Amino acid sequence: MRLAGLIKQSLLLRVNKTRSRLYATSVDSETFALDTREYLDFKKQLRQHNVYNKDGHTCLQLECRLCERYNYKVQPASAAARSQGPQAYINKRTGAFMCPHCDVRSTLSQALTAYQNPPHIAYRRAPIQTVEYKSRFPNLTDVTVDACEALGIKGLKVAQINAIGVKYEPEQHLLHFELRNAAQQLVGEKVFHLEDRSEETFQGSSCSGLLMHTGAGNKSKAVLVSNLLDYIVLATQNIDTHCIICLPHALKQLPQECLPALERFKELVFWLNYENTHSWDAARAFAQKMDEKRCLLIRPTETEPTPHVALRRRLNIRHILAKATPVRHKSITTFSALRNDILSELQNIEKVNGVKWKRFPVLNKLLKGHRKGELTILTGPTGSGKTTFTSEYSLDLAMQGVTTLWGSFEIRNTRLAATLLRQFVGYPLDDKLQEFDHWATEFERLPMYFMTFHGQQPLKPVLEAIEHAQYVHDIAHVIIDNLQFMMGVSASQRGDKFWEQDAIIAAFRGFATKHNVHVTLVMHPRKERQEDELTTSSVFGTAKATQEADNVLIIQDKRLTAVRGKKYLQIAKNRYSGDLGIMPLEFDKDALSYSSSVQSAKRRRDREKTTTPNES
């Protein structure tokens, strides 16, 4: 019970609320954490009471008994007949109970009493308060010839685009698409602005749907695309073997509420548009969430581009679709098995390099970028600014869409969030409180989450919370500040702190590789003389930490040992490119920033303020 309580307390405190369109997900989903034994007991109870259920790829499908529409006394005798009623889904990773028909959401433990036969005497079914989604665009019409031509898709006819359910909004000059859940209920909408060719997604507070074109017949295969242009091209090609599905949030996130609608497909083909660097590995991350065994991937090359590019170049779309290869290989024994992967990397080398920092161009020059699946260790003397630098380092990436999870055991989330907000704004808001609401709203749009741990914590609940966040929110970057706070609380290590630290390092190394997530660990160095420079061997513990790490960053602070001493960041290990070097760290106290670009912009604004009165 205590462990369950710790896990519940450790669930993520979300900064990004449902105000953000790109990252809108159900806040309730964060309270779900699957207890394996509880899940097995639940399935056993379903069998004992002859409750219809079907074990799917990602969810357990069963008849819904949580809503007040369910009548225990009048039920069809056969399981086949019961399967035609309202169907609920239990996510096999998180334990989230979801019914897309009646919009009831619950945890597995709360749903358990509804499936007792007879029902528990204290159980009361939830009243139905289904809130129908209301469109933001009431003045929709059929697509006109001008709107069809504005898309720029060669050969596309008005009749074709109207046939796939697209509508046109003449005042805002946009195309409108409906998002529906597994019960085919309208839960949101996606729009394509014809003026600037941008996309927006609008959804309800607790639902998430997909844009799906099924065509004729009951198909068991589907093609997943990440943008509306590719969706239109494939949906109008009359492909009779695959349904066409457009992801609601492109490659930013795939909410778990979307998974029930994909259960019926035996094969999913990812044909995605890698429009920026942080989306490069999205297909593999989504495949893990959808069950890799049924997922295929079309890797982006010059001969196999995205659908709308393929149509423009007059390539055979069906031929490219037939070339899709499995995401997961059981074994790779020949060069030919790796050939497409190598070609794809060579043709997209900048994207493979990773996400570029905008505040720290020196890091781009040395590290080439921020890549998934790597382990970075940052160390430096006490008081040298490790947390302050790491917060700005992570903020830079989050502002470019890298979904970030902070685990700060040393300082509380309120103080950490205040530091991030000040770095985001560029100046303190103490005497400008009238601006707080504006900047807080802007900051909420960032895909950033916080764990609620503080002080010493054992490894197991921390990893459980991280794995939960990675699955639910598609986390791409995890920061642990700092590693020493996870030591000394496990009775199994018998006081061997070095053995314990090695086990923690190995666990995070394995997590980064298995889930393709970048993990940044902040660690204290050994106690050494102030006048000596820190090296990779200065990291506390055995050599395992630096051996497992892909990158080792060291903050060298010589201000206390030399009159003109400087502080700088040393890249002491770089497994990707091998480039080593230093980056000077000049600190701006007002902005809490080490970025030269931020400081230059501040000086430019100060000059403008002083020259403007004179000019007037």
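I call a residue buried when its relative accessible area is under 20%, exposed when that area is over 50%, and partly exposed in between, using a 1.4 Å probe and protein chains only. The model I am reading is predicted, so I take local features only at pLDDT of at least 70 and side-chain atom pairs only at pLDDT 80 or more, while totals for chains, interfaces and linings use all residues. Residues are numbered from 1 along each chain as its sequence is written, and side-chain values use heavy atoms, with hydrogens and water left out.

**Entry 1: the whole protein**

I looked up the secondary structure and found 20 helices and 24 strands, where helices (H or I, at least four residues) and strands (E, at least two) are DSSP runs numbered from the N terminus. Buried residues make up 52% of the 616 residues. Taking contact to mean heavy atoms within 4.5 Å, I noted that 68% of the contacts between residues at least 6 apart in sequence join residues at least 24 apart.

**Entry 2: strand S21**

How many of the six residues of S21 are buried? In strand S21 (residues 518–523), six of six are buried. In a regular strand the side chains alternate between the two faces of the sheet.

I then looked for the neighbours of S21, counting two strands as paired if DSSP finds at least two bridges between them. Strand S17 (residues 375–379) runs parallel to S21 and is joined to it by five bridges, with Thr376 standing opposite Thr520. Strand S20 (residues 477–481) also pairs with S21 in the parallel sense, over five bridges, and there Asp481 has Val522 as its bridge partner.

**Entry 3: an open sheet**

I followed five strands that form an open antiparallel sheet in the order S2-S3-S4-S5-S6. Strands S2 (53–55) and S6 (104–106) stand at the edges, and each has a single partner strand, so one side of each is left without a neighbour in the sheet. The twist averages 15° from one strand to the next, with axes being lines fitted to C-alpha atoms, for helices over the stretch in contact, and angles running from 0 to 180 degrees between N-to-C directions. Within this sheet, S3 (residues 59–63) and S4 (residues 87–91) pair over five antiparallel bridges, and Glu63 has Gln87 in S4 as its bridge partner. Helix H2 (residues 36–48) lies across S2, S3 and S4, at about 35° to S3.

**Entry 4: nonpolar cores**

By a nonpolar core I mean a set of buried Ala, Val, Leu, Ile, Met, Phe, Trp, Tyr and Cys residues joined through side-chain atoms within 4.5 Å. The largest has 37 residues, of which Leu151, Leu175, Phe177 and Tyr231 touch the most other members. Among the elements giving two or more residues to this core are helix H5 (145–150), strand S8 (174–180) and helix H7 (228–235); H7 gives the most, with seven residues. A second, separate core of 33 residues includes Ile377, Ala465, Met487 and Ile505.

**Entry 5: helix H15**

Helix H15 (residues 413–425) has 13 residues and reaches 18 Å from its first C-alpha to its last, close to the 18 Å expected, where the expected span is 1.5 Å times one less than the number of residues. The buried residues of H15 include Leu416, Leu420 and Phe424. Just after H15, I found Gly426 with a positive phi of about 100°.
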